[in-house]
Amino acid sequence: MSENLIIADGSKEERYATLLPQLKALVESENDDIANMANISACIMDTFRFWWVGFYRVIDGVLVLGPFQGPLACTRIKKGKGVCGTAWQNEETIVVPDVEQFPGHIACSSLSKSEIVVPVFRNGSVIGVLDIDSENLGTFDETDRIWLEKVAALLDK
Ligand code: SME
């Protein structure tokens, strides 16, 4: 396992392109989900300095807070609730340019302005979500969706 994260000093695309193979190497050598989600959160945070980066895991039919980087967050989210619960229910990534425009958005922090939630699949079922919040409006776009879905896919093993 590499002990130092290399962070590209360039565009969003270049940063993801440098990050992904390092995450792949980390996850390939470890089977524990908590360990992998913790390192993925840390590496995304180190690379982009987003407001909040973390995972919720499906446990007994509810999303339960998992490994994350950032401030205190709500611990349980029901299916269909908030951005996370909706991404889980719809089984697809949701990009929210302005959280105030998303009906039912769960405000863990009033400082969060935009968000992306990516379902994590294993053998065709959603086992959790990767949630990233930004303190700026419109932070996330198609580039983030494409790369973060590749990141989530690393856990499908
Ligand atoms: N905003 C999310 C809740 C989780 S926090 O952002 C960490 C939602 O609406 O599901």
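Two strands pair if DSSP finds at least two bridges between them. Helices (H or I, at least four residues) and strands (E, at least two) are DSSP runs, numbered from the N terminus. The model described here is predicted, so local features need pLDDT of at least 70, side-chain atom pairs count only at pLDDT 80 or more, and totals for chains, interfaces and linings use all residues. Residues are numbered from 1 along each chain as its sequence is written, and side-chain values use heavy atoms, with hydrogens and water left out.

**Strand β6**

Strand β6 has two antiparallel partners, listed below.

| Partner of β6 | Bridges | Residue pair |
|---|---|---|
| β1 (residues 52–59) | 6 bridges | V53 opposite I132 |
| β5 | 9 bridges | V118 with L130 |

The hairpin of β5 and β6 has 2 residues between the strands, and N123 there takes a positive phi near 50°. Of the 10 residues in β6, 8 are buried (under 20% relative accessible area, with exposed over 50% and partly exposed in between; 1.4 Å probe, protein chains only).

**Helix α4**

Helix α4 covers residues 142–153, and its 12 residues should span 16 Å at 1.5 Å a residue, which agrees with the 16 Å between its end C-alpha atoms. The expected span is 1.5 Å times one less than the number of residues. In α4 the buried residues are D144, W147, L148, V151 and A152. They fall within an arc of 145° seen down the helix axis, so they line one face of α4; the arc is that of the directions from the axis to the C-beta atoms. An α-helix has 3.6 residues a turn, so residues three or four places apart point the same way. The buried residues of α4 pack against α1 (12–28), α2 (33–48), β5 (114–122) and β6 (125–134), where contact means heavy atoms within 4.5 Å.
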